[in-house]
Amino acid sequence: MEVEANKKEELVPIFIMGKRYEVPASLTIQKAMEYAGYQLIRGCGCRGGICGACGTVYRFPGSYKIEVGLACQTVVQPDMYLTQIPFFPATKSIYDIEKVKPAIETLVKNYPELLRCLQCNTCTKSCPMDIEVMDYIAAGMRGDITRLAELSFDCVMCGLCTSRCPAEICQYNIAILGRRLYGKYVAPRAEHLASMVREVEKGKYEQMLRQLMDTDEETLKNLYSAREIEPEQGDEYWTPKDKTYL
Amino acid sequence: MPYTSELNELIKRVEATRPGRVEAKRRGEEFPLLTLKEREERLKKYHPDFKKGSRTEIRVGVNKGYSISPEIVHLLEAKSRVNPDVIDLNKIAYKTDILILGGGGAGTAAALTAQENGVKALIATKLRHGDANTMMAEGGIQGATKGTKDSPYYHYLDVLGGGHFKNVPELAYTLVTEAPKVLAWLENLGCMLTKLPEGQLKSLHGGGTCRKRMHYAADITGAEIMRTLRDEARNRAEDIKVLEFSPAVELILNEHGHCAGAVLYNLETEEYFIVKAKAVIMATGGSGRLHIQGFMTTNHYGATGDGLVMGYRAGVKLCFLHTVQYHPTGAVFPEQAEGLLITEKFRGAGANVLNIDGEQFVNEREPRDVESASFIRECDEVGKGILTPTGKLGIWLDSPMIDILMGEGAVKREFPGKFILFKRFGIDISKDPMLVYPTLHYQNGGLEYNSLCETSVPGFFAAGEVSGGVHGENRLMGNSLLDVTVFGRIAGVSASLYTKDKAKEGKLNLDHVRRYHKELEEAGIITDRVAPMLLPDYSNPKVRERQLTAHYVGTIR
């Protein structure tokens with residue numbers, strides 16, 4: 001069903017692990033592999049560019065340059081020769097998020113190889129998400145957790161950076177450690193959330209909810225239709241007229 | 001592929017009406033919302049659920065006579081992948097306290113709370129840990145967290161209104177009261193939820209919400225939650241083991257009728273093997289890859305409804321499967337992006353939906369089923385859809401309005417994932433609108449369970465998209481990430497407690513599978529279909545014709 005090659009469509013040659021196949025020019029690498037006859041098990045996940053299962057590297061004849069892309073997001077080009085890298089061994093440090101500090105010591109203790117970075121920028125060039133990988137690694141080396149978290153936010157953890165790093169750093173696992181440190185310790189806490197949790201636990205809404213649960217469908221429909229709707233363009237501090245059920 | 005010259009011409013009509021629409025938006029003027037009665041009429045006339053042939057009766061099992069999508073019925077009226085007489089249940093490959101089937105949001109959340117309750121968990125998952133619809137959820141996670149304007153009371157009303165007032169009250173109650181706790185849990189795990197400088201969680205409207213309670217992590221909320229939960233599970237690797245590329249194909253019961261393990265399949269070495277457990281949690285997710293009614297889907301490659309089949313054979317009832325959720329805004333252009341989810345958050349942030357003349361025809365924040373039905377009506381009956389180069393119809397989603405309303409750069413900042421993606425295809429979504437059409441998105445129903453995630457089979461628990469009842473007949477946006485985290489956590493606790501005082505050791509068997517096979521035979525269903533499907537078949541049928549020595553069981557060689 002996914003392979004809907006238009007019969008009139010132009011076919012282009014691609015080389016899957018060195019082997020030539022002719023595939024419709026409009027397909028992504030992923031669909032082109034299926035068109036060629038592969039049933040994917042490894043190297044296929046969300047098919048939507050977010051899970052990082054289908055990291056792919058390719059080259060063109062006559063060019064020294066190594067190109068990268070997610071197979072589900074990259075359209076085939078004539079004469080590309082490619083392979084997927086569905087898995088690459090990586091280091092993952094075990095840590096207790098409750099007991100770590102948002103500081104450079106945490107990063108270096110868990111991933112000492114962070115300091116081996118050669119600043120060759122190969123990681124950045126290998127990122128299919130156009131993330132400034134070397135820059136976030138540099139932020140990590142400075143202990144700038146905020147910058148590390150922000151710069152790495154779009155990472156899909158496909159591992160292509162790690163597969164090419166001459167310093168043998170596992171960038172994406174350092175990145176998630178950085179983001180979790182940021183989310184837990186650096187970003188200001190949501191006070192309204194903590195206070196709502198306290199209210200719920202004290203049972204503040206218990207009676208009104210139980211009442212709703214026992215209400216007949218007609219009454220529910222009336223209550224539903226009469227809800228006061230927060231204006232879409234209203235600001236953070238809008239409050240409703242009826243505060244009975246707050 | 002950038003827009004064609006024909007489409008660029010049509011975009012001019014959108015641009016012509018844009019200043020007026022932006023002004024109206026600023027004044028707070030909106031396209032009127034439909035009344036409950038109007039909603040009902042629109043659904044009956046235009047929603048795919050009501051199309052002729054959209055439902056067919058199940059002829060076997062505990063829901064005999066219940067009418068649901070034929071694509072699911074086909075899987076229910078199929079045989080097991082394994083012959084119960086051939087498999088040796090005495091050869092146990094793994095033993096664990098809790099076996100969790102599925103490594104998405106619900107399964108991983110369950111593993112974490114199970115571990116906190118002092119038991120060992122084994123996650124068996126079809127692809128990689130985290131390859132799941134959770135990863136793909138973009139828009140956000142609901143929760144009444146702002147006490148000055150919202151409360152679980154209003155969240156509850158919204159959930160029920162979205163679900164046509166058919167939701168199981170106890171489940172909806174649990175969802176809305178646990179919501180703030182789950183958000184606090186995620187914050188505490190270091191999930192990077194998008195915040196204001198003082199720390200308040202940013203929040204937006206979703207379709208069918210009366211208060212802005214959709215919290216998010218840019219436009220990759222699900223991915224942020226999934227990778228955080230997965231990282232945390234990996235930190236607890238002593239107690240949480242993960243078997244990847246090992247989907248379950250059958251539940252195993254014991255002589256007391258308790259669930260006591262599962263038969264797994266190694267997708268790479270093609271072996272079947274046995275896991276024995278004191279309790280099993282089903283968290284296999286949804287079924288978009290069944291392509292119900294031929295619709296494209298936003299779902300993950302592995303979303304083939306496996307858990308429904310296994311649970312049903314073991315005697316657990318199905319509920320709310322008679323409705324299927326179509327997300328109103330799946331990409332229809334460019335072709336490479338077809339079916340891709342365009343988060344509802346675009347509409348929450350102010351983008352209008354428009355027909356070929358650049359006119360509004362529905363409020364952007366109707367519940368998903370109503371919104372989808374309205375798109376289908378505009379294309380099929382009114383005839384004002386936009387024709388794509390591949391012959392599909394679409395509706396404009398006017399994303400550039402967001403930059404005008406929220407300030408230049410807002411689209412790029414709030415929707416980095418989609419911005420980069422379309423940029424690669426040569427489309428700048430902060431300058432040009434997107435073309436969208438409803439796409440198969442969510443399994444509203446599933447296995448029947450209660451607010452402790454217990455099913456009718458002792459020792460067998462369910463959580464997340466595989467289960468049904470909490471969303472009634474239609475889920476609201478932002479309630480699926482909430483569902484997987486709330487009920488995943490509960491399932492982990494309930495199953496742990498069960499292993500400590502209720503689980504009973506006993507001889508393993510697959511008698512329920514034998515009984516089911518017999519029932520199929522008695523109903524006159526002679527078939528070589530097998531289920532669960534495990535993976536969809538997208539390989540080239542012409543190649544298959546030439547695979548003269550290949551042997552397929554179902555979709556898998």
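These notebook entries record what I looked up in the structure.

**Entry 1. Ground rules**

I note that this is a predicted model, in which local features need pLDDT of at least 70 and side-chain atom pairs count only at pLDDT 80 or more, while totals for chains, interfaces and linings use all residues. Residues are numbered from 1 along each chain as its sequence is written, chains are lettered from A and ligands numbered from 1 in the order in which they are written, and side-chain values use heavy atoms, with hydrogens and water left out.

**Entry 2. Where the chains touch**

I began with contact, which means heavy atoms within 4.5 Å. How many residues of chain B are in contact with chain A? I found 104 residues of chain B in contact with 85 residues of chain A.

The size of an interface is often given as the accessible area lost when the parts come together. Here the buried area is the accessible area (1.4 Å probe) that two parts lose on being put together, summed over both. For chain B and chain A I noted about 8700 Å², and carbon and sulfur atoms give 56% of this area.

I then turned to salt bridges, each defined as a side-chain nitrogen of Lys or Arg within 4 Å of a carboxyl oxygen of Asp or Glu. The structure holds 60 of them over all chains, and 12 are between chain B and chain A. One that I looked up joins A:Arg180 to B:Asp231, with the closest N and O atoms 2.8 Å apart.

A polar contact is a pair of N or O atoms within 3.5 Å; within protein, one must be able to donate a hydrogen and the other to accept it, and residues adjacent in sequence count only if both atoms are side-chain atoms. Between chain B and chain A I recorded 43 residue pairs in polar contact, both residues being at pLDDT 80 or more.

The elements that give two or more residues to the side of chain B that touches chain A include α2 (36-46), α6 (152-162), α7 (169-189) and α8 (221-235) of chain B. Helices (H or I, at least four residues) and strands (E, at least two) are DSSP runs, numbered from the N terminus. Which element gives the most to this side? It is α7(B), with 12 residues.

I also sorted the residues of this side of chain B into 45 nonpolar, 27 polar and 32 charged. In this sorting, Ala, Val, Leu, Ile, Met, Phe, Trp, Tyr, Cys and Pro count as nonpolar, Asp, Glu, Lys and Arg as charged, and the others, Gly among them, as polar.

**Entry 3. A sheet in chain A**

Two strands pair if DSSP finds at least two bridges between them.

β1 (residues 11-16) of chain A pairs with β2(A) in the antiparallel sense over 6 bridges. A:Val12 stands opposite A:Val23, and the bridge partner of A:Pro13 is A:Glu22. The two strands, β1(A) and β2(A), form a hairpin with 2 residues between them, and A:Met17 in the turn has a positive phi of about 50 degrees.

Most residues other than glycine have a negative phi, and most peptide bonds are trans. I noted A:Arg47, with phi near 60 degrees, in the loop between α1 and β3 of chain A.

The peptide bond from B:Phe333 to B:Pro334 is cis, with omega near -10 degrees; B:Pro334 is in the loop between β13 (325-331) and α10 of chain B.
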